[in-house]
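Welcome, and please load the model in your viewer. We will go from stop to stop, selecting a few residues each time and looking at what is there.

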Amino acid sequence: MNSHDSSAPWSALPVLLAGAFMVVLDFFIVNVALPSIATDLHAGDSSLEWVVAGYGLTFAAFLITAGRLGDAIGRRRMYAVGLALFTLSSAACGLAPSPTTLVAARVAQGLAGGVLMPQVLAIVGVTYRGPDYVRALSIYGVVLGLAAVGGQVIGGALVETDLLGLGWRSCFLINVPIGIAALILAPRLVSESRSDQSKRIDYAGAVLLAAGLTSVLLPLIEGRQHGWPAWTWISLGVAPLIVGAFLRRQQRLGRTGGDPLLDLRLFEERAFSAGLATQLFLASAQASFFVFFALYLQMGRGLGALDAGLVFTILALAYVVTSGPAPGLTARFGRAVVAAGGVALTLGLAALALAVEGIGTSGSLLALVPGLLLVGAGIGLCFTPLTSMVLKHVDPARAGSAAGAMSTTQQVGYSLGVAITGVVYFGAGPDIAHAFQLSLLQLAVVAAGIVVVARLLPGVSGANTGINLTPNQQIADTVA
């Protein structure tokens, strides 16, 4: 029996979202803190790049493995482990005395985020049903979107207000009290759940997956900085072989009755595979835009961290207005909602490119408002519906694996997007406005991919955002 009231599961959602919010926030908040970190710790360009890259690399490499572990040994338990590690590593980041220490702490923080993140969606998927599931995903989408679009605002405010004299360190230390509070509440408010079948963890598959993702992401992260040396091309060339070996192993385990790390049967559902592809386009466009828009505002326009962050509130407002009702709209209109979001995002990026051409680095920022509103609305219409569509037909026994695949796709999209747009931006010459304009046009092409792939998502009849379960499958968990 549960030791807490399972009839009122809404008290669990804030605890879960507190951890998810911190994980997403820390991907974006660090951007505005980098100049202060460089000054305070005398960090070079390579160290600063690894402050960002170390987090993203370990985050992506362990997501699916962590989701699978949650299925096997308990999702709440794995959530608590990830949350504890994230809290400790955040403290280590905030107290770091040197660039090397900070990079090591960020690597640990990314690993912790990778452990925590897939458990959130998996627990949501086995806790809420029907309209409650739609509502939970709506809240999830709003909160995580605010973490992403609000990262610049929060980071700028913390750096410029110099809270308690901590400067950039407060961007990391603010996680500590939140993490401790969530750790205290999790055992009381979050039900334990796991797959009802005892399965072994495919550790060899986990190694292959981590190696494959590293061989793709590491050269993309480091290549431009070092002039694309030979090892980056060798790594990219070897990557398909490693990923292919991983997929063949998963296929063989599934065919022979083993326990694959990633159940490839998930991809037999078109909504799942198309949803992941759509999410890849969305993540690539979203993360790249946030990073290079911040560079344009701070390096091109000369805005401070806080003022640059405040510009993002225009986008955040449009996101909040559209992301809340998006799941309900998806239940009525299906893939048309995601396609409309892709159109809005594409048009918004194109409108911003035209505006930047007109104002350069000195004209009125008001010219950016229409484009920012469209971008925010587009992201809001895509993010939450994609989450529900990807998880729609997932059996609770594979919830962790599905959530891990989903989060991994998002993280790979972030890294790929920033790397590819970085080639465009930094290769365009010293004119920052021109470089940003070219980047916006490239991102508009990426966003158009959302519209194309969204045609493979479910229509109205398949857009119900509740997980379809038989009575015997409902909460097929072992209750702690």
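Rings of Phe, Tyr and Trp (for Trp, the six-membered ring) are taken as a pair if their centres lie within 6.5 Å. Keep in mind on this tour that the model is predicted.

**Stop one: the aromatic cluster.** Select Phe27, Phe28, Phe289, Phe290, Phe293, Tyr296, Phe312, Tyr414 and Phe436, which form one aromatic cluster. How many aromatic pairs does the pairing rule give? The count comes to 18.

Phe28 belongs to helix α1 (residues 12–28) and Phe290 to helix α11 (residues 270–300), so the pair ties together parts that are 262 residues apart in sequence. Are these two residues buried or exposed? Both Phe28 and Phe290 are buried.

Next, pick Tyr296 and Phe436. This aromatic pair is stacked, with 4.8 Å from centre to centre and 15 degrees between the planes. Distant parts of the chain are linked here as well: Tyr296 is in helix α11 and Phe436 in helix α17 (residues 432–453), 140 residues apart. Tyr296 and Phe436 are both buried.

**Stop two: Val120.** Go to helix α5 (residues 99–127) and select Val120. With a relative accessibility of 0%, Val120 counts as buried. Which residues does Val120 contact, leaving aside neighbours within four places in sequence? They are Leu16, Ala20, Tyr79 and Tyr140.

**Stop three: Thr346.** Move to helix α14 (residues 335–359), where you will find Thr346. Its relative accessibility is 18%, so Thr346 counts as buried; the cut-off is under 20%. Not counting residues up to four places away in sequence, Thr346 touches Ala444, Ala447 and Ala448.

**Stop four: two backbone angles.** Most residues other than glycine have a negative phi. Select His42, in the loop between α2 (30–41) and α3 (45–73). Its phi is positive, near 55 degrees, and His42 is exposed, with a relative accessible area of 70%. Finish at Trp228, in the loop between α9 (203–222) and α10 (230–255). Trp228 has a positive phi of about 50 degrees and, at 26% relative accessibility, counts as partly exposed.

Note on methods: Residues are numbered from 1 along each chain as its sequence is written. This is a predicted model: local features need pLDDT of at least 70, side-chain atom pairs count only at pLDDT 80 or more; totals for chains, interfaces and linings use all residues. Side-chain values use heavy atoms; hydrogens and water are left out. Helices (H or I, at least four residues) and strands (E, at least two) are DSSP runs, numbered from the N terminus. Buried means under 20% relative accessible area, exposed over 50%, partly exposed in between (1.4 Å probe, protein chains only). Contact means heavy atoms within 4.5 Å. Rings of Phe, Tyr and Trp (its six-membered ring) pair if their centres lie within 6.5 Å; planes under 30 degrees apart count as stacked, over 60 as edge-to-face and the rest as tilted.
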